[in-house]
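Trainee: I am new to this structure. Please pick one part, look at it closely, and tell me how it sits within the rest.

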Amino acid sequence: MTQDTSTFHKHTIVAWLEDKPGVLSRVLSLFRRRNFNIENLSVGQSETPGVSRLTFTVAGDDRMVEQAIKQLNKIINVLRVEDVTHKPTVQREMALIRVKVDAKTRPEVMQLVDIYRANIIDVSMDSLVVQAVGNEERLNSLIDLLSNFPITEMVRTGPVAMTRGRSSANGNGKHIRRMAL
Amino acid sequence: MERPGGREVEGLFLTPFPTQEKTMKRTGAQIVWEVLTREGIDTVFGIPGGAILPVYDAMPAYPVRHILARHEQGAGHMADGYARVTGDVGVVLATSGPAATNLVTPLATAMMDSVPVVAITGQVPTSLLGNDAFQETDVTGVTMGVTKHNYLVTDINDLAQILREAFYIARTGRPGPVLVDICKDVLNDETEFIFPEEVQLPGYQPYMGLDEAAIEAAAELINNAHRPLIIAGHGVQMAGAENELRQLAEKAHIPVTMTLLGLGDIPETHPLSLGMCGMHGEARANKAIQACDVLIGIGMRFDDRVTGKLEAFAPNAKVIHIEFDPAEINKNVPADVAVLGDAKEALQALLPKIKPAEHRNWMAQIDEWNRESQELDILNAEVEELIPPYVMRQLWHVTQGNTIVVTDVGQHQMWEAQYFLHDRPRQLLTSGGLGTMGYALPAAIGAHYAAPDQPVWAVIGDGSMQMTLQELGVVMQERVPVKIAIINNGFLGMVRQWQELFYNKNYAGTPIANPDYVLLAQAYGIPARRVTDKADVVAVLEEAHHHDGPFLIDFQVKEEVNVYPMVAPGEAIDNLLRRRIVQGPSGLQPAW
């Protein structure tokens with residue numbers, strides 16, 4: 001299916017899910033079924049026990065993204081969905097990057113790591129493992145530089161995001177609605 | 001919907017039970033029935049098997065009736081037909097493995113048409129899960145995309161709560177099918193049964209309230225419209241909003257066209273009804289959509305069969321979308337005014353703000369289009385052969401429009417929609433969203449149990465009949481008084497039509513040989529007749545309609561007849577393929 005991607009831009013979405021078996025599977029199944037362009041996805045515990053937090057980025061035009069959010073909301077175990085793309089957010093991602101080095105290039109790499117305020121967490125005779133945390137652009141630029149050395153192995157977590165400012169009563173999992181029958 | 005002694009709470013109907021209930025020890029299998037009966041279920045459809053045997057063993061102690069199907073697909077469609085007539089949940093039981101996978105088609109059918117069905121399947125014991133055990137399938141994985149929600153029960157202490165939730169999810173919000181897969185050791189296990197008072201679903205918000213500001217904006221648009229038009233869909237029936245719809249139409253003289261699943265929202269005999277719109281809808285309805293300046297979509301989702309080419313759909317109109325499911329708004333057609341809410345509530349809020357109006361020129365234009373269409377209507381032409389539109393129209397006359405009609409899928413389905421004039425909701429049962437061949441016979445059986453004192457006619461193409469004719473066994477065993485009209489043309493008709501129109505008459509795989517349906521019916525102990533002559537149609541329909549018990553009619557109709565008008569795929573809805581009618585020696589004749 002060819003899509004006109006000229007109006008596409010990337011949205012960052014945060015979803016709060018019930019922490020139960022199979023819930024993530026439902027969410028991923030939905031993305032595949034509805035053909036959403038998911039680029040990154042990260043899921044883990046939230047501040048509320050029993051509630052996990054999913055951050056993902058989806059590329060599309062406004063209507064596609066609106067659909068993605070609405071369809072996600074329809075899943076019974078999804079508690080809340082928020083599009084944080086246009087809100088002030090902090091966004092962080094972590095990468096572990098194994099760089100091949102020799103005696104000559106090791107200092108250069110260490111300098112770059114220093115400049116980026118990243119850390120070296122593993123050393124061997126021919127490689128260093130760099131741990132870097134930051135937003136996506138910052139990581140991209142560090143990785144770009146390190147790839148000259150070259151990079152032999154890399155893992156990225158994908159971004160997680162949190163809106164800036166006051167902690168509002170988010171209603172993510174706290175307001176459990178009891179329907180008396 | 002009346003349920004004796006019941007009370008309505010947030011859309012649920014509960015039969016009264018003594019409030020001081022001693023808790024009691026029950027097996028998992030018994031808990032299934034304890035919850036089902038409290039949820040108001042007295043009829044279930046299914047086929048027993050190893051994993052679900054405990055449920056069947058516990059059944060006779062409870063006030064429920066079980067209808068044994070012949071294929072789980074049939075059982076699923078029976079539950080669907082039952083649900084469409086009552087408006088409440090239909091229940092299907094099946095065992096594990098192949099039985100559960102046989103439910104996929106009826107679950108998908110119910111999902112696409114928003115029908116409340118609860119499917120309960122047996123599963124291998126918890127110790128064998130994931131082991132490729134005998135008759136094990138990952139049912140919850142397989143049905144994830146075709147159910148509103150599903151559950152796997154591995155602990156008996158979750159069972160009552162899950163079943164309660166399943167019913168709640170199936171019947172509230174936008175209804176849909178829910179599957180509950182229960183491990184066999186859970187069914188055999190025992191615990192204290194406590195009927196859950198609450199349903200805790202923090203992520204489920206079935207009711208979004210009514211958007212008052214949008215109602216104002218909608219009223220403004222409608223009051224200033226010169227050529228307003230309503231498209232009414234299934235949502236009007238689900239909300240029970242047919243009165244409000246008619247009041248709106250009559251107050252401001254707004255013509256109403258209906259989707260396939262909306263037929264009956266307003267009586268088709270009403271002067272403001274334009275009949276069905278869309279791919280095989282009436283020309284006047286499609287032309288009206290293209291010419292209108294305010295389009296009010298109520299309880300419909302702008303499906304592709306209705307809109308044709310989206311870029312060319314309703315080019316001159318501001319769109320008001322009154323819709324219950326937020327995900328449907330702006331999904332296909334951008335709404336100028338989106339009214340998120342239940343159709344009945346929305347229309348009730350809207351009505352007082354609508355000014356009476358007449359729109360005489362608009363009505364005259366639509367009447368003109370209707371007059372043009374009459375010349376091309378095959379029923380107004382000289383036709384000696386037996387053709388399906390004639391059968392449909394005579395069925396309407398003979399039943400006086402006072403019957404439940406269940407159709408299968410294909411040409412006959414379209415002709416029934418066009419020529420039988422539906423005048424009330426929940427009258428026409430048809431697989432619209434999924435287009436499932438084989439739907440009609442089992443759904444008609446389910447419909448009978450939902451409304452035992454109403455006649456039920458099943459209109460089925462020969463191709464569709466061969467898909468689920470094993471359910472004639474149910475008609476035989478239970479003496480289900482359904483009337484079966486087979487529209488028999490020896491082809492997979494709708495596919496043949498496409499091959500004729502778009503594939504150069506390359507009838508690959510479409511000619512289909514049929515058994516002698518009269519002999520077959522007799523083998524099942526069902527009285528039957530064959531009709532080959534136009535002159536015999538009415539008499540046989542009368543005989544069948546007044547016969548006490550099941551009856552089958554094999555209508556052997558002219559083979560190569562097409563459904564018109566037609567909007568070819570990817571075309572705008574006013575780009576219609578019309579029937580060719582020519583002036584013959586004795587009057588207007590179709591050019592076959």
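Mentor: pLDDT is the predictor's confidence in each residue, on a scale from 0 to 100. That term is needed at once, since this is a predicted model. Chain A has a mean pLDDT of 88, and 89% of its residues reach 70 or more. Residues 169-181 of chain A are another matter: pLDDT stays under 50 there, although the model has 29 contacts beyond four places in sequence for them. Where pLDDT is low, the predicted coordinates should not be read in detail.

Counting contacts in chain B between residues at least 6 apart in sequence, 76% join residues at least 24 apart.

In soluble globular proteins, nonpolar side chains tend to be buried together. The largest nonpolar core here has 193 residues, and those touching the most other members are B:Val118, B:Leu295, B:Ile320, B:Ala458 and B:Ile553. Helix 7 of chain B, residues 156-171, supplies the largest share of this core, with nine residues. A second, separate core has 17 residues, among them A:Ala15, A:Phe56, A:Val78 and A:Leu79.

Most residues other than glycine have a negative phi, and most peptide bonds are trans. B:Ala314 is not a glycine, yet its phi is positive, about 45 degrees. This residue is buried, because 24 other C-beta atoms lie within 10 Å, and 20 or more is the cut-off. B:Gln400 also has a positive phi without being a glycine, about 55 degrees, and its place is the loop between helix 16 (388-399) and strand 18 (404-407) of chain B. B:Gln400 is exposed, because 8 other C-beta atoms lie within 10 Å.

Chain B also has a cis peptide bond, between B:Tyr564 and B:Pro565, with omega about -5 degrees. B:Pro565 lies in the loop between strand 23 (551-556) and strand 24 (566-567). B:Ile553, one of the core residues that touch the most other members, falls in strand 23 (551-556), at one end of that loop.

Chain A has a cis bond too, from A:Phe149 to A:Pro150, with omega near 0 degrees. A:Pro150 lies in the loop between helix 4 (136-146) and strand 8 (151-156) of chain A.

How values were computed: Residues are numbered from 1 along each chain as its sequence is written. Chains are lettered from A and ligands numbered from 1 in the order in which they are written. This is a predicted model: local features need pLDDT of at least 70, side-chain atom pairs count only at pLDDT 80 or more; totals for chains, interfaces and linings use all residues. Two residues are in contact if their C-beta atoms, placed from the backbone, lie within 7 Å. A nonpolar core is a set of buried Ala, Val, Leu, Ile, Met, Phe, Trp, Tyr and Cys residues joined through C-beta atoms within 7 Å. A residue is buried if 20 or more other C-beta atoms lie within 10 Å of its own, exposed if 12 or fewer, and partly exposed in between; C-beta atoms are placed from the backbone. Helices (H or I, at least four residues) and strands (E, at least two) are DSSP runs, numbered from the N terminus.
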